[in-house]
Structures are given as structure tokens and as C-alpha cells.
Amino acid sequence: MSDWPNNIARKSIVEFAAYSARGGATGALHLDANESPYAPPPVRGAQGYNRYPEQQPPALRQRLADLYGTNANQIMVGRGADEAIEVLIRTFCEAGQDKVLICSPTFGYYATCAQIQGAGIIDVPLNKNYQWDNEAIIKAASSAVNLKVIFLCTPNNPTGTIIEDHLVEQLCKQFPNILIAVDEAYEEFSSRPSYANKTEKLKNLVVMRTLSKAYALAGVRGGVAIADPRVIDLMLKVLPPYPIARPVEDAILAALSPAAMSTHAARLTEWLSERARMYKALQTSPFVAKVYPSQANFLLLDVKDDDALMRELSRRQVKIRDYRNTTGHMRISIGSPEENTIALEAFGVLVEAQRTERIGETHRKTKETDISVRVNLDDPKVVEIDTGIGFYDHMLEALAKHSGIGLVLTCKGDLEIDAHHTVEDCALALGTAMKQALGDKAGIGRFGFVMPMDETQARVAVDLSGRPAMTFKGVFPTDHVGDFPAEMCPHVFESLAQTLGAAIQIEVEGENTHHMIEASFKGVARALRPAFARSGTDIASTKGVI
Ligand SMILES: *Cc1c(COP(=O)(O)O)cnc(C)c1O
């Protein structure tokens, strides 16, 4: 069937030529699109704002293809997964004739788009455990006339359930002329691997992904459809000419920079542990009859005494999703630990006095380096360092371990020039993140430590005074340790002192450069440790927090 997927798409879409606003000629002199030759009045990063963007900005398309493990020509980037859903229906469903299949309760926008397009809706509801009724879906697909798209949302919104492994492949193979649209808006939160890379083999599989949920970009609007290039090319005929504004592309590329990915991973870990905490705690709520297990960043609830619950929620300004008029449920999103604790109080759950963790996050991107740092002063569990300089990783690891903090630090720097920018910028970013984590509790604290290490001794004093200062006394016998220039050692502490707002004094004597540097890092860490430590009275009682 060489005509596929044209034989299942709307005839009028196949027949018209794709809209193109650009002339056929190539060249750097753009006199083809009636743009302004002037840059707009100064806006940060406004280069290129006077020109139309490409319909599918190539750098963005490639980045998203890499993120989702597929090829750039299999990606349609749109304003959210919402737009991917809309365009899919508009490309394949002839008004007044074709149909889509949904499994309710599910994401409402499938039905909305179908209605706007004039497509029919076949509903094969989930069973009482909110699992898909595989047999009923197959039966409906076999008997339906002009069924074009089956929407499977997994993890499903609002139930949080996931489909059985074999269903997608089975449907794709059994119904080659029906598109199987798998909406993976919440895939990052689930234990099931994505279907994205299966689109290479299964030509009628379309996967939706979004940057709005796990990647914190809901306000930017970015999402994709991933499918066979022939399906994507048809959809691109329907997608409006310039859906991705340049600032949107910039914001997405920055948020998905290689260094930022470690921050996303660390956040996801916290997010999932909060989901587990909420799942457990809500079961003890007097307002909750049932909490459904979830593979997404929300929980579905059966509630009782709902008017009283609504009063408690609004008293604390907590908004949750109310489905009482349709499915009879409520849905609560998993927020930050502090937000969740407030929500639990509204649900009448006695929350143990909880130590709110002091976390600082910094992203720093310049021409030379792209750095992402996350410090947790109260949980030393996760220490992951990748600066590209082996010895520096080792030193920063020692700094984290000996000061008793969690540290995730990733840097992509211009190491082909030298180590200077990377070393200095990482220290600056680290100090900034530490200061942010300390918040306004950063009191004056003077601490010292003497660090012996074989023949070496480092004497260190640290004062979190808010006034940056650094002195370093010591002469290194060699100028490098591995690819780390010894002269950068004092620079690190100078940069750290500057952004942390600390006085750091170091005196180091020894005969081995490696030992001398390592003793300096460990000495500073040991002096920082009591400075970061919280006394018992700092434990935030959840009563009256915020
Ligand atoms: C949130 C959501 C979307 C929409 O994502 P955007 O990229 O923000 O448009 C799509 N599908 C489901 C199931 C969702 O919950």
C-alpha cells in the first residue's frame, strides 16, 4: 500500500500543496517575507526577532528528537501536545464522516477537538479499576466504519493508570489504517518506558509528549507528535505557519540544556517521593474514601463529606481539580513538599513536624559554560558531579561529602580552550546555590578546621558573614594535577567566597600538590559543615508554616 497514509487522511489535505511563505530562492538577504529589516527595540536576546522563524526550527526539532530518542523528521513541534492532538484530528478526520475512539474518563481535549472538527466520538469506557477494556476496544475498532484515531492516554489523566504492555502493538498491527495515538504527557513519572522509539517500526503509531509537566514549561507551550515521517509531513501541512515563536525556542533550548538535565532528574526523584508520601498520607484523611495508585504527578481521590473538605481547602487557598459533576472524583496534583504539607493539613491529616529541606538551584549559562547546580543542605544522599575535569569532580565530591550536603553539579564548558572558565564558573554557581539554600537564615557563623593528610596540613577558617573575602597561603610544588591547573585552587575558593558571601582563609603546607589541594577542599568542607547544620529549634513545625 504505497499510498499510505494518504489513503486514510482527508482527501483535501492530501491534494493541496503545503503553504509556504518563503520564496524558493536561498540567500542571506531576506527580501522575501515583508519582514522589518530593523531589530526590535532592545529586548534581551532579541536577535532575529524581526524575522519569521522556521515552521519547525531545526535546532529545536533535533533537541526534542534527541530527548525522546527518535529522529528529527519524525517530530512535529507544536504549541503543546494539545496542538499535536488538534492537528492529528484535523489531518485525518473528515467532518461529518470520520470518528475517533476514546476511553473515558480521560483527557477531555480529544473529544473537544473531535467536536470542533465535526468528527464522531466512540467511547469505550475504562473498567471499574480504571483499566482499559482491551477486548471491547478491539471489538469497537473492528466494527466501526471510518474510525481514524484511537486515543490511549497512558498514564491516563485523570486516573493515573497505565495500559498493558502489548495493547499498543497489537492495535497497531491489527488495524493498520487506524492511527493509534498514545498520549504520554506523564511518561516521565511512570515506570513504563516510552513508546516513542517504536514509531520507527509501527507506521500508524503516533506518540504525544509534552514539556508542560515534567519539564516545568507549561507557560512556554511546547509539545510534540512523534510518528512515521509520512504522517508527520501530512500533519505539517495542517499546522499553522510559525507556531514556535523565537523566545519560545530559546526558552525550551535553555531549559533542556545538557547541564539542566541533571536538575530535572534530581527534581523528579523528589517529586516521586512526594507522590509516595501523599499517597500514604491521604489514605488517613477523614475526607478521603479512596486514593487511587498513580503513575503520574497527580492522585485521583474518592472523597466524602466533600462540602466540608471544600471549605478547608479554600480556607488555605488550596485549589484541586473537582470532577464531582462528571466522574465524582477529585484530582490533586503533587506540588512542592511545602505545598503538599499545606494541602494535607486541609485534608485533616496530622503531618509530623517536617523538616523542610533547604535546597538551592542555580543555572548559569554563558558563552563559555553551561552549568546546573542543585544543593540540598539537609540531605547528603545524592552527590553527582560532572564538570568534565576528573580531578575537579573528585575535589567537589570531597567538598560535598565532607560538608555533609547533597550536590548535583553538571557543567558543559569550553575545555578545548582550557579549564579556567569551567573551574571558576562552577565555583561561582556553587556559591550562589549554597547561599540560596541558606536563605535568610544565613547567620554569622565562624568555624575553623585543621585538616591533616599524610605530609600535608591545611588550616581553614570560614565565616558566613555575608562579606566575601578570601586569603590563600601556600605554594604548590607542581603546576597541574591531571588536567586541573593548581593555580585554579585559590580561584575556586575566591569565587565560592564571592557568591556565597563568606570569608574563607586557607593556609596549606605540604610536598604533594594533589594532597595540598585535596586537604584545602576537605578543610573548607569541614569548616562549612557546622555552618550549614541546623539546630533542633529550626525544625519547622507544620502548624503555622508560611
Ligand atoms: C496536560 C496534558 C496535555 C497537554 O499538554 P500541553 O503540552 O501543555 O498542551 C496533553 N495530554 C494530557 C493527557 C495532558 O494531561
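In these legends Ala, Val, Leu, Ile, Met, Phe, Trp, Tyr, Cys and Pro count as nonpolar; Asp, Glu, Lys and Arg count as charged; the others, Gly among them, count as polar. The model shown is predicted.

**View 1. The shell around the ligand.** The shell has 14 residues. By class, five are nonpolar, five are polar and four are charged. The closest residues are Ala-81, Asp-183, Thr-210, Ser-212 and Lys-213. Helix H3, residues 80–92, contributes three residues to the shell, the most of any element.

View 2. At Ala-81, a polar backbone atom sits 2.6 Å from an oxygen atom of the ligand. At Tyr-186, a polar side-chain atom is 2.6 Å from a ligand oxygen. At Ser-212, an N or O atom of the side chain is also placed 2.6 Å from an oxygen atom of the ligand. On its own the ligand exposes 390 Å², and the protein buries 93% of that area.

**View 3. Strand S6 and its two faces.** Strand S6 covers residues 205–210. Six of its six residues are buried. In a regular strand, side chains alternate between the two faces of the sheet. In S6, Leu-205, Val-207 and Arg-209 point one way. Val-206, Met-208 and Thr-210 point the other way. Both sets are buried, the charged residue Arg-209 included. Thr-210 is also among the closest residues to the ligand.

**View 4. The partners of S6.** Strand S5, residues 179–183, runs parallel to S6 and is joined to it by four bridges. Asp-183 has Met-208 of S6 as its bridge partner. Asp-183 is also one of the closest residues to the ligand. Strand S7, residues 223–226, pairs with S6 in the antiparallel sense, again over four bridges. Here the bridge partner of Arg-209 is Val-224 in S7.

**View 5. Thr-154 in its loop.** Thr-154 belongs to the loop between strand S4 (147–153) and helix H6 (167–174). Thr-154 has a relative accessible area of 4%, so it counts as buried, the cut-off being under 20%. Its side chain reaches the backbone nitrogen of Ile-163 at 3.1 Å. Beyond four places in sequence, Thr-154 touches Thr-161, Ile-162 and Ile-163, along with Val-182, Asp-183 and Glu-184.

**View 6. His-420 in helix H13.** His-420 is found in helix H13, residues 420–438. Its relative accessible area is 28%, so His-420 is partly exposed: buried means under 20% and exposed over 50%. Setting aside neighbours within four places in sequence, His-420 is in contact with Met-488 and His-491. Leu-272 is 148 residues from His-420 along the chain, and their C-alpha atoms are separated by 37 Å.

**View 7. The whole chain, for orientation.** The chain has 546 residues, and 52% of them are buried. It holds 15 helices and 21 strands. Its C-alpha trace spans about 85 × 70 × 45 Å along the principal axes. Among contacts with a separation of 6 or more, 71% join residues 24 or more positions apart. The accessible surface comes to about 24900 Å², with 51% belonging to carbon and sulfur atoms.

How values were computed
Residues are numbered from 1 along each chain as its sequence is written. This is a predicted model: local features need pLDDT of at least 70, side-chain atom pairs count only at pLDDT 80 or more; totals for chains, interfaces and linings use all residues. Side-chain values use heavy atoms; hydrogens and water are left out. A residue is near a molecule or strand if one of its heavy atoms lies within 4 Å of it. A polar contact is a pair of N or O atoms within 3.5 Å; within protein, one must be able to donate a hydrogen and the other to accept it, and residues adjacent in sequence count only if both atoms are side-chain atoms. Accessible areas come from the Shrake-Rupley method with a 1.4 Å probe; for residues, only the protein chains shown count as cover. Buried means under 20% relative accessible area, exposed over 50%, partly exposed in between (1.4 Å probe, protein chains only). Two strands pair if DSSP finds at least two bridges between them. Contact means heavy atoms within 4.5 Å.
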